[in-house]
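Q: I have a model open and would like to learn how to read it. Where should we start?

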Amino acid sequence: MSLESSPQRPVRNISLPPLAAIPLALGLAVSTYIAADTWRDVRKPPEKNNILITGSAKKRIVSDYIQWSATIEGSGADRTAAYLSLKGGTEKAVAFLKDQGIEPGDIKIESASITEEFEIIREDKVLPGTNVPLRTETSKSTGFRAVQVVSVGSSQVMLIEKASREITSLLEQDVFVTSHPPRYYYTRLGELKLEMLAEAAKDARSRAENILSSAGNAGLGALVYSSMGIININPANSTAASSEGNNDTTSYEKDIITIVRAEYKVN
């Protein structure tokens with residue numbers, strides 16, 4: 001029995017037009033990139049998990065220094081009379097402050113300024129023989145005004161505050177006085193800021209520990225990074241915040257609020 005070989009099919013050479021070959025080449029390139037990129041991701045070690053947290057601290061402080069000023073005025077028909085009027089009022093104001101128990105060395109008297117004051121007189125007339133109105137304005141001296149500022153800076157905060165309220169009683173003695181609002185300061189702010197930042201850092205770590213403890217099998221690792229936030233000094237019980245930080249000088253009692261941002265490793 002003879003075996004006859006089956007006829008072989010002719011091999012066709014596939015020839016793609018140039019435009020059809022472009023998508024095929026792009027597909028091969030994309031497939032190669034995806035495979036290489038997947039291999040790179042497998043080979044790359046996983047990133048370490050960190051936790052970012054914000055801590056804060058708040059403390060009530062009481063001002064230990066006060067600055068206050070009052071403006072004394074005098075007037076007269078000429079410069080000399082105005083100055084003498086001012087001088088008498090300033091002497092009464094200084095005597096009042098000393099009687100309140102304020103140290104003479106804490107009282108400062110600024111230079112006096114004297115200015116002439118004028119009154120504008122307007123008069124409407126009609127030109128003779130016409131109906132044309134004419135307005136004239138003339139300046140008339142009404143005398144001179146003298147001004148002087150008396151200021152106090154002291155650690156006797158409550159004493160100065162009381163004097164700032166009561167000095168207007170000199171109006172009954174024909175002393176023209178204007179009392180300005182006191183400004184309150186805390187002189188140990190530098191060392192307090194360091195203490196507050198330490199408290200805020202402790203708060204940040206405590207918050208991170210509580211979060212990880214609640215999350216499950218995770219522990220807080222070493223500190224990676226920390227930064228100090230804005231420090232706000234506000235009137236007591238105020239929650240005002242500023243991107244540049246507040247520094248209130250209007251209140252005797254204040255709240256200092258510090259912020260710390262920290263990043264920790266997660267074990």
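This is a predicted model: local features need pLDDT of at least 70, side-chain atom pairs count only at pLDDT 80 or more; totals for chains, interfaces and linings use all residues.

Q: Where is the place of threonine 90, and what is threonine 90 in contact with, leaving aside its neighbours within four places in sequence?

A: Threonine 90 sits in helix α2. With neighbours within four places in sequence left aside, its contacts are Ile72, Ile109, Gln148 and Val150.

Q: How many Å should the residues of helix α2 span?

A: Count 1.5 Å a residue: helix α2 has 21 residues, 79-99, and should span 30 Å.

Q: Which residues of α2 are buried?

A: Ala82, Leu86, Gly89, Thr90, Ala93, Val94, Phe96 and Leu97 are the buried residues of α2. They cover an arc of only 155° around the axis, and therefore lie on the same side of α2. Thr80, Leu84 and Asp99, on the other side of α2, are exposed.

Q: What covers the buried residues of α2?

A: The cover includes β2 (65-76), β3 (107-109), β5 (133-154) and α3 (157-166).

Q: What caps the N-terminal end of α2, and which residue follows α2?

A: Look for a side-chain atom beside a backbone nitrogen. Aspartate 78 is the cap: one of its side-chain oxygens lies 3.3 Å from the backbone nitrogen of threonine 80. After α2 comes glycine 101, with a positive phi near 100°.

Q: How many aromatic pairs are there?

A: Ring pairs are judged by the distance between centres and the angle between planes. The count here is 1 aromatic pair. Tyrosine 184 and tyrosine 252 form this pair, which is edge-to-face, with 6.2 Å centre to centre and 65° between the planes. Tyrosine 184 is in strand β7 (residues 183-185) and tyrosine 252 in the loop between β9 (232-235) and β10 (253-266), so the pair ties together parts 68 residues apart in sequence.

Q: Is tyrosine 184 buried or exposed?

A: Tyrosine 184 is buried, at a relative accessible area of 5%, whereas tyrosine 252 is partly exposed at 27%.

Q: Where is the place of asparagine 232, and which backbone nitrogen lies 2.9 Å from a polar atom of its side chain?

A: Asparagine 232 is in strand β9 and counts as buried at 8% relative accessibility. A polar atom of its side chain lies 2.9 Å from the backbone nitrogen of asparagine 246. Leaving aside neighbours within four places in sequence, the contacts of asparagine 232 include Ala240, Gly245, Asn246 and Asp255.

Methods
Residues are numbered from 1 along each chain as its sequence is written. Side-chain values use heavy atoms; hydrogens and water are left out. Helices (H or I, at least four residues) and strands (E, at least two) are DSSP runs, numbered from the N terminus. The expected span of a helix is 1.5 Å times one less than its number of residues. Buried means under 20% relative accessible area, exposed over 50%, partly exposed in between (1.4 Å probe, protein chains only). The arc is that of the directions from the helix axis to the C-beta atoms. Contact means heavy atoms within 4.5 Å. A polar contact is a pair of N or O atoms within 3.5 Å; within protein, one must be able to donate a hydrogen and the other to accept it, and residues adjacent in sequence count only if both atoms are side-chain atoms. Rings of Phe, Tyr and Trp (its six-membered ring) pair if their centres lie within 6.5 Å; planes under 30 degrees apart count as stacked, over 60 as edge-to-face and the rest as tilted.
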